[in-house]
Amino acid sequence: MKDIFDLKGRVALVTGCSGGLGVQMANALAARGADLVIIARRYKKLLEVKAAIEAEFGVQVLPRRRSR
């Protein structure tokens, strides 16, 4: 039976990813194998989130700062 929650080979975009629910959603998607594009206003925090997710789940993460 195919795992319907397998996200390997997929890319997910997560906004608000400098804290709270955004980070939790990014972790959940990465745990299922998705590569991520993470977006927030606090770029320094995005870099911390990127490093943590890549180290824990081995997926690719592209941080992008939200423009004003």
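I started with Glu48, which counts as partly exposed because its relative accessibility is 44%. For this I took buried as under 20% relative accessible area, exposed as over 50%, and partly exposed as in between, with a 1.4 Å probe and protein chains only.

A note on what I am working with: this is a predicted model, where local features need pLDDT of at least 70, side-chain atom pairs count only at pLDDT 80 or more, and totals for chains, interfaces and linings use all residues. Residues are numbered from 1 along each chain as its sequence is written, and side-chain values use heavy atoms, with hydrogens and water left out.

**Entry: salt bridges**

Which residue does Glu48 form a salt bridge with? I found Lys45, with the closest N and O atoms 3.6 Å apart. My rule for a salt bridge was a side-chain nitrogen of Lys or Arg within 4 Å of a carboxyl oxygen of Asp or Glu. Lys45 is partly exposed, because its relative accessibility is 32%. Both Glu48 and Lys45 sit in helix H2 (residues 43-57), three residues apart, about one turn of the helix. I took helices (H or I, at least four residues) and strands (E, at least two) as DSSP runs, numbered from the N terminus.

I then looked at Glu54, whose side chain meets that of Lys50 in a salt bridge at 2.8 Å, N to O. Glu54 and Lys50 are also in H2, four residues apart, again about one turn of the helix. Glu54 counts as partly exposed at 29% relative accessibility, and Lys50 does so at 23%. The count by this rule comes to two salt bridges. As a reminder to myself, side chains of opposite charge can pair when their charged atoms come close.

**Entry: strands**

Next I followed strand S1 (residues 11-15).

S1 pairs with strand S2 (residues 35-40) in the parallel sense over five bridges; I counted strands as paired if DSSP finds at least two bridges between them. Thr15 has Ile39 as its bridge partner in S2. From S1 the chain crosses through helix H1 (residues 20-31) to S2, and this β-α-β crossover is right-handed. Right-handed here means that, with the strands pointing away from the viewer, the path from the first strand over the helix to the second runs clockwise.

S2 also pairs with strand S3 (residues 61-65), in the parallel sense over five bridges. Ala40 has Arg65 as its bridge partner in S3. Back at H2, I noted that S2, H2 and S3 make a right-handed β-α-β unit.
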